[in-house]
Amino acid sequence: MNLYDPVRIKRNGVTGTIVDIHNGVYIVEDDIEREPVDSTGYPSPWPLYDCTLSELELVTSQPDFQSDKRHGF
C-alpha cells in the first residue's frame, strides 16, 4: 500500500486514507469528521490511527470528493 491509498482498518471498520508511512507504521486519517461535541477526547476533527500493514485492507471504490466537506465542495 502507498501514501494516500484509501483503506479500511480491519480491527474497527474505520475507512480512511494513508497519510504517512514510517518504520512499518501506517498512519490512517479517518474519512469522517468528528462533531465538535465529540466526547472521545481526541483533539482533532479528523482522527488518526497507527496501523500495521496486516491491519489494513485496500478500499477499491474511491470516495465522492465532490461531496467531501474537507475539499470545500
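## Strands β3 and β4

Strand β3, covering residues 25-30, pairs with β4 in the antiparallel sense, and 4 bridges join the two. Strands here are DSSP runs (E, at least two residues), numbered from the N terminus, and two of them count as paired if DSSP finds at least two bridges between them. Within this pair, Tyr-26 stands opposite Cys-51 in β4.

Before we go further, a word on the source: this is a predicted model, in which local features need pLDDT of at least 70 and side-chain atom pairs count only at pLDDT 80 or more, while totals for chains, interfaces and linings use all residues. Residues are numbered from 1 along each chain as its sequence is written, and side-chain values use heavy atoms, with hydrogens and water left out.

## The whole sheet

How many strands form the open sheet, and in what order? There are 5 strands, arranged as β4-β3-β2-β1-β5, and the pairing is antiparallel. At the edges sit β4 (48-51) and β5, each of which pairs on one side only. Neighbouring strands of this sheet are turned by 45 degrees against each other on average, direction ignored; axes are lines fitted to C-alpha atoms, and angles run from 0 to 180 degrees between N-to-C directions.

As background, strands of a sheet pair through backbone hydrogen bonds, either parallel or antiparallel.

## Strand β1 and its two partners

On one side, β1 (residues 6-9) pairs with β2 (residues 15-22) in the antiparallel sense over 3 bridges. Val-7 has Gly-16 in β2 as its bridge partner. The two strands form a hairpin with 5 residues between them, and Gly-13 in the turn has a positive phi of about 80 degrees.

β1 is also joined to strand β5 (residues 56-58) by 3 bridges, and these strands run antiparallel. Here Ile-9 stands opposite Leu-56 in β5.

## Two residues with positive phi

Which residue lies in the segment before β1? That is Tyr-4, with a phi near 75 degrees, a positive value in a residue other than glycine. Tyr-4 counts as exposed because its relative accessibility is 58%; exposed means over 50% relative accessible area, buried under 20% and partly exposed in between (1.4 Å probe, protein chains only).

Asn-23 is found in the loop between β2 and β3. Phi of Asn-23 is near 50 degrees, again a positive value in a residue other than glycine. With 70% relative accessibility, Asn-23 counts as exposed.
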